[in-house]
Amino acid sequence: MRVGILISGRGSNMTALIKAAKDPDYPAEIVVVISNRPDAAGLDSARQEGIAAISIDHKQFDSREAFEDALHNELLAHKVEMVACAGFMRIMTSGFVKKWQDRMLNIHPSLLPAYKGLHTHERALKDGAKTHGCTVHYVIADLDAGPIIMQAEVPVLAGDTADSLAKRVLAEEHRIYPLSLAKAINKLS
Ligand code: GRF
């Protein structure tokens with residue numbers, strides 16, 4: 001299955017997917033990485049792994065729809081069949097989401113439905129949560145609300161800061177995103 005990854009920044013989840021897909025038994029081939037931010041560090045990491053990496057700067061477009069049309073066309077140009085969002089920081093219109101229904105995944109750094117949106121680690125700490133984690137889910141028009149594919153839980157430890165907690169969650173993100181993508185692909189085929 002030909003997979004395109006959407007990023008906006010560092011791209012560590014992207015790298016985890018690229019590495020997993022190098023295994024000949026893995027059901028996906030990562031064919032393109034697209035960032036809406038030209039300065040995303042993940043673009044260079046993708047190129048170092050030999051993957052085509054393209055930026056489509058959302059600021060160059062007059063509307064969300066015009067940006068999404070360009071994004072969609074680039075995905076189609078690479079014959080992408082499935083999309084993995086990995087730290088892609090753009091809210092998508094329902095029109096774009098429908099085009100990729102059941103074929104677009106996202107990773108979110110919380111145990112959804114808890115802590116949708118931003119600053120999840122800070123919010124979990126502030127609430128005194130005992131556990132935290134990450135979720136891979138299908139993308140639907142409602143933010144961070146799509147059907148869940150997989151979750152991983154981590155403990156919140158005494159003395160945790162947002163950074164130390166984020167690091168513990170991120171290690172689990174890198175583990176479950178490749179597993180979840182494979183699971184979603186196997187479900188389709
Ligand atoms: C991750 O924590 C992911 O869950 C969230 O954004 C962050 C992206 O990190 N959606 P990276 O770019 O994959 O390193």
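**View 1. The bend in helix 6.** Helix 6 bends by about 25° at Ile 176, and Pro 178 is a proline that follows within four residues. The bend at a residue is the angle between axes fitted to the seven residues ending there and the seven starting there. Helices are DSSP runs (H or I, at least four residues), as are strands (E, at least two), numbered from the N terminus. The end C-alpha atoms of helix 6 are 37 Å apart, which agrees with the 39 Å that its 27 residues should span at 1.5 Å a residue; the expected span is 1.5 Å times one less than the number of residues. This is a predicted model, in which local features need pLDDT of at least 70 and side-chain atom pairs count only at pLDDT 80 or more, whereas totals for chains, interfaces and linings use all residues. Residues are numbered from 1 along each chain as its sequence is written, and side-chain values use heavy atoms, with hydrogens and water left out.

View 2. A side-chain N or O atom of Arg 10 is 2.5 Å from a ligand oxygen atom. For Ser 12, a polar side-chain atom lies 2.5 Å from an oxygen atom of the ligand, while Gly 11 places a backbone N or O atom 2.8 Å from a ligand oxygen atom.

Notes:
Polar contact = N/O pair within 3.5 Å; in protein donor to acceptor, adjacent residues only side chain to side chain.
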